[in-house]
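Please keep the structure open while reading.

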Amino acid sequence: MAFAAPAVGHQWTLEPARIGLLLSAGPLGMGVGALLLSPLGDIWGRRPAILLCVSVVGSGMLLSALARSYEELAFMRFATGVGIGAVLTSSSAMVAEYCPTRWRGMGMALMAAAFPTGAVAGGAAALFLAESYGWRSIFLAGALGTLALVPLALIFLPESVEFLMAKRRPGALDAVNRLLEAMNREPIAAMPRTVSTGGAPRFATLFQRSQRPITLSLAFIFFSFMTSFYFILSWLPKLAAMAGYPGKAATTAGLLLNIGGVAGALAGGVLLARSTSSRVAICTVLLMCLGMAATGIALAMQAALIPFVLVTGVAMFSSMAALYTLMLQLFPVALRVTGVGLVSTAGRIGAVAGPSTAGLMVAAGSHMALLCVVLAVPAAAAALAVALIGAYVKAPPGAQGSGRR
């Protein structure tokens, strides 16, 4: 949507505030999907939840290409976001549960790197498609690519071993041993006694006395971080165009943000193998704040954007890898997807608040440098909250842990 927004706004003569709401429709849907559909990953399993929600994403993108009005496009972007929000929670849990403890941070970093890698590929395609075939072709191409993943996932995507052990359904032991055999691991004679079966996941469990401080702290962290993250991710191409940069240069700015994100996510993985997720998150989130402020000043001065945008992208996605690793360490297996879904919903509320606030500030005539500085403040608050929650994480340098002090 970020790449299609300039063309959509021009075709339908949309005011900045309406563009901001259009950019926020997807993240809003992601919040709803993370909250309402994520428990399916703890009830049905990671695999069936992912398959269902990828199908929803592809269908939503296809219908976005057919939208006849602003309202229809906004609704389809919301529906697409519902699927994305639930896919992210189950897939992040799947990655964490298949990675060795020491390399869990690298696993999350590789997943985080996939976001900007896809955005770079999608952005490069968008430059060609939008000019040659119009903005609708961007969503059509994305829909076809997404729906093509469904049969691949049916063939190659396994269920989580940890989920099978936690639920202990009939035939679970045989299913676990088949997966262990595929990974060249020794079979087990019985389920580990230490794994709790648990009942159906309940949100109330996340607010019990022992878990409540962690749940609330993580919700605040992700709300604040995503407010800043989605503001710059969604608005950078539009801000560059408003600042007077040529059309291709404005779109390229968004592309460079994601190119920096690929390098940042991988760098974050290396750091996470050598330090705690909380320490890495604090440093990278603060670097993101500085990068956003510098980008705003460069926009206002019409200066060279490349170094500031790249630094911001590096910091954004290394922060994402660190924060997701931190969050996955702090939720038990039986509630992991539900917990991630709840916290992700708080993040998606921030993802709506960031672009929407920017649209209102632009409509009110706010200076670009001030806009970027103000919307970097929530990320600074997130870094402070990470520093406070870091005491709960037990992960000595060189080995990402999964418990608490």
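M165 is buried, at a relative accessible area of 15%; buried means under 20%, exposed over 50%, partly exposed in between (1.4 Å probe, protein chains only). The model is predicted: local features need pLDDT of at least 70, side-chain atom pairs count only at pLDDT 80 or more, and totals for chains, interfaces and linings use all residues. Residues are numbered from 1 along each chain as its sequence is written, and side-chain values use heavy atoms, with hydrogens and water left out.

**M165 in context**
- M165 sits in helix α9 (a DSSP run of H or I, at least four residues, numbered from the N terminus).
- A190 lies 25 residues from M165 in sequence, and their C-alpha atoms are 9.8 Å apart.

**Second largest pocket**
- M165 is among the residues lining this pocket, including also E97, Y98, V161 and R185.
- Elements giving two or more residues to this lining are α5 (70-98) and α9 (161-167).
- Helix α9 supplies the largest share, three residues.
- The lining divides into seven nonpolar, one polar and four charged residues (nonpolar: Ala, Val, Leu, Ile, Met, Phe, Trp, Tyr, Cys and Pro; charged: Asp, Glu, Lys and Arg; polar: the others, Gly among them).

**Cysteines**
- The whole structure holds zero disulfides (pairs of cysteine sulfur atoms within 2.5 Å).
- The closest cysteine sulfur to that of C372 is in C289, 12 Å away, so the two are too far apart for a bond.
- C372 is buried, with a relative accessible area of 0%.

Technical notes
On a 1 Å grid over the protein atoms alone, a cavity is a set of points where a 1.4 Å probe fits but cannot get out, and a pocket is an open set with protein on both sides within 12 Å along at least five of seven lines; lining residues have an atom within 4 Å of a point.
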